[in-house]
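Dear colleague,

Please find below the structure that I am handing over to you. My findings follow directly after it.

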Amino acid sequence: MPPATSNTAQSNSESYLGKDVIQSIHNLDQGYINASLPGALGSTNTEIINNAIVSNTTPDASLAVDNVNAVGLSNLGKVLLDAHATIAATSTAKSTADASNVSANSAGLAIVDGNFGLNGADEIGVKSDGGLNATASTTVIAAASTSKGDAVSLASIQESAGITNINDLDVGGELSAIGKAANTITSSAETVVNAGTSADGISNGAQATAELFGTQQGFNAQSIDSSSNASIQGISSLTNTATASVTTGDLALAEGLAGKLIGANLAGIDVGGIANVTGQTTFGNTSKASNVEGDAKAISRLGSADGLISKTDALAADLGTTSAFEVSSDATLKGLISVTAGATAETTKGDAVATNTATNINGADFQGTLDIGGIGSITGAANFNLDATASSVTPDDSFKLSGAQATAGGENLSSFGLKGATGSATANNLKDQDTTNDVFGIDVASDATLSGTAIGTLKADASSTADDATARAGLGAELTGADIGSFNVGGIANLTGAAQLTSTAIAENVGANDLDALAESGLNTTTVSGLDASFIDVASNATITAQAFGTLNATANSTGGDSTAKAGQYTSGAGESTSVLTGLETGLDLNIGGIGTLSALAQGSENASATTVDGIATASAGLDLNGAIGLDFASSSDGSLTGIARLAATVDASSTANTAQANGDFSAIGFSGLDIGTYDGPGNNNDVIGIGGISTLKGQAQITGTLNTESVSGNALAGVGDFASSIVGMHDVVLNGASDGTILGTASGVFNTNAESTGANASGFSSQSLVGISSLNLELGGNGGINAIVNDTNFVGAQSVSGNATAVASVNAIGLDGGDMHIAGNASIMSTVGVDSKSESHTIA
């Protein structure tokens, strides 16, 4: 048995060197981040730094450089152990660089090339029980300060892992393995007075960068084979802090950057007993830039963060399995990710920009097939909170950054809780009784519980007293609770997919000179989906829950300019520009051998508010909600399906001296495109029964909308866009049930629209189209009850003192519309429609 090893590296450096290396630090930083410095990535950090120092020598600068590399166990070959064995390694590394100056430039660089508990093993073979435990702990601190000059600090980790590059881990007994990487990166730069703008245009002031340049992993292995039970944990945590402070200088720049974070990254696993596998990642970032006389820019950027990754099936043959992840008995698998990041830029004279973005935030990603021989419990959870705040007081034209600008989420943020492979199994093979060679993405021989959740909060807050303010949050964000491809369960199944997005944009401007405020939240095809799957086959009872929640808020306030607030958008027939909430995504073929229960919910809330004194106020909201769409459902026993879409929206616009306009475009549908068996009309003997027992089907859609505009001197316009808001309980449904059936479709709307103007025209428009049940084709072998309920309250008011007042209200409501039906037993078909629509206009002139 090899001994446990411990490697502790700690280094501190303080230096007052007569070298001006600020330009070189800029080159070094950009070379590593953008790979634009020729040859930079082919050299070591030390070589690059030394070359930079030599080529840039001017008096009076202060430079501190610290470079560390640490490994507990490194590059093991074949380690073959004939009995019980424990392998442990700990590597603790600390790198500190602190540079200070009074009258010239200052730079501090602390760089850890790598810190690993265990890095590299061709083969670890243990004939009996085996324990593997390795930890990498890293602290990187870089500081630069000067009273007169530029301050640049870079604190960086290139690579880090608790356990990584294990080609083959083979244990003949029970396996217990933990890999952990826990790192902290801190960078600070402070300048009182900068020395002036450099000739090549690079901004002077203070720059602080805290970065994970490459990849940080808790546990990484190519192949794991345990003959008995296995417990595997991969834990990765990183805390970044970047602070830049300037009293008088061109720019305070704070960057908190992270490339790739992974808790457990496993390519191939074969467990002969019970498996407990957890991958957990935590990322925290704080970027803060402050300036008194100059610009401030704060950046928080995350490439990707994953809790648990199981790779493709490429190594399955080497393991003697048919799947990338195979467990002979019960399995508990978890992938957890938590991200909290903030970017704050503040200045009293200048422009402020805060950007907080991420590309991928995922809980559990099973890229290869997963096969569990017993009971399976699989959990994937992604949670993130991204905040961006920018505030400026007085403009400074010396380095224009576009006023106060805050962005949270970026334009390509994607997050899922749980993802499974597609596999080769198809619904057609099942119907043809030919599943011999089918491979499911996730295959559980006994009972299974799957849970995938993605919960995200995005907030952008921009405020300025003398320049434009722009806040954008959640543009193009895509959240999915569970995306599982194909799924087979030999017993009882409980599956939950839930996603929730809260997106808030706040822009505020106080000042004159036509300065605008713009707040945008949830635009550019923002989508939130609870469950997305292609094929699910369950031998016994199944409970499926799919939920999508979305809250979109936009607030814009301006004194002297235009104010625009946009919370989501919906354009009929133009999906590329629509914000969408969907409980159950289209394309699922669901087959249940026992009792089947499916619940799908899409629930949204929107608030858009625009207020201005002198400019135009425009507030808009739009959203498309779907409980469940495109579902093919079959259950051998009773079947109960519920699809709900609910929205509450408030849109307010107010201007004192100009036009105020509030627009809302909405759509909600409980069920759409639901096939439960086949029914081609009376007399067709080839129809297929979809539910073998009692059928219960409920589709509900509800929208509550309030739109208000108010102007003193300008026009006031409030109402829907170019088409009516659509509310449908269920549409395009086929149900063939062997026994009794109950079908309920409900569509409900409550709309209040008001436009008021003192000195100009006031116009209010509101239109809705509601259907309880549309296109129902039904075959029931027992008694049947059908109930379609539609209720709508629509009020439009317009009031003007000196101008015209126009109020138009329109409602089209249908209880039950279209379809063929055959009910073998007693039947009750009811339709109830209640509409209360009113328009009022008042003018005094």
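Leu-501, Thr-526, Val-528, Gly-550, Leu-552, Ser-579, Val-580, Leu-581 and Leu-623 form the lining of the second largest cavity. Two elements, β28 (542–558) and β30 (580–584), each give two or more residues to this lining. Sorted by class, the lining of the second largest cavity holds 6 nonpolar and 3 polar residues, with no charged ones. The volume of this second largest cavity is about 40 Å³. Please note that the model is a predicted one, and that every value in this message is computed from it.

The count of cavities of 30 Å³ or more comes to 2. The largest cavity has a volume of about 50 Å³. Its lining is made up of Ala-85, Ile-87, Ile-124, Val-126, Gly-130, Gly-131, Leu-132, Leu-169, Val-171 and Leu-175. At least two residues of that lining come from each of β3 (85–101), β4 (106–126), β5 (130–148) and β7 (169–171). Strand β5 contributes the most to the lining of the largest cavity, namely 3 residues. In the lining of the largest cavity, 8 residues are nonpolar, 2 are polar and none is charged.

I turn next to the aromatic rings. A pair of such rings is described by the distance of the centres and the angle of the planes. The structure contains 2 aromatic pairs. In one of them, the ring centres of Phe-325 and Phe-366 are 6.1 Å apart and the planes stand at 65°; because an angle over 60 degrees counts as edge-to-face, this pair is edge-to-face. Phe-325 belongs to strand β14 (residues 325–327) and Phe-366 to strand β16 (residues 352–366), so the pair ties together parts that lie 41 residues apart in sequence. Phe-325 is buried, with a relative accessible area of 0%, and Phe-366 is buried too, at 1%.

Finally, some totals for the chain. The protein chain has 845 residues, of which 55% are buried. Its secondary structure amounts to 4 helices and 44 strands.

With kind regards

Terms used
Residues numbered from 1 in each chain as written. Predicted model: local features only at pLDDT ≥ 70, side-chain atom pairs only at ≥ 80, totals over all residues. Heavy atoms only, no water. Buried < 20%, exposed > 50% of the residue type's maximum accessible area, 1.4 Å probe, protein only. Phe/Tyr/Trp six-rings, centres within 6.5 Å; stacked < 30°, edge-to-face > 60°. 1 Å grid on protein atoms, 1.4 Å probe; cavity = no way out; pocket = protein on both sides within 12 Å on 5 of 7 lines; lining within 4 Å. Points joined across faces, edges and corners; volume = space filled by probe spheres on them. Nonpolar A, V, L, I, M, F, W, Y, C, P; charged D, E, K, R; others polar.
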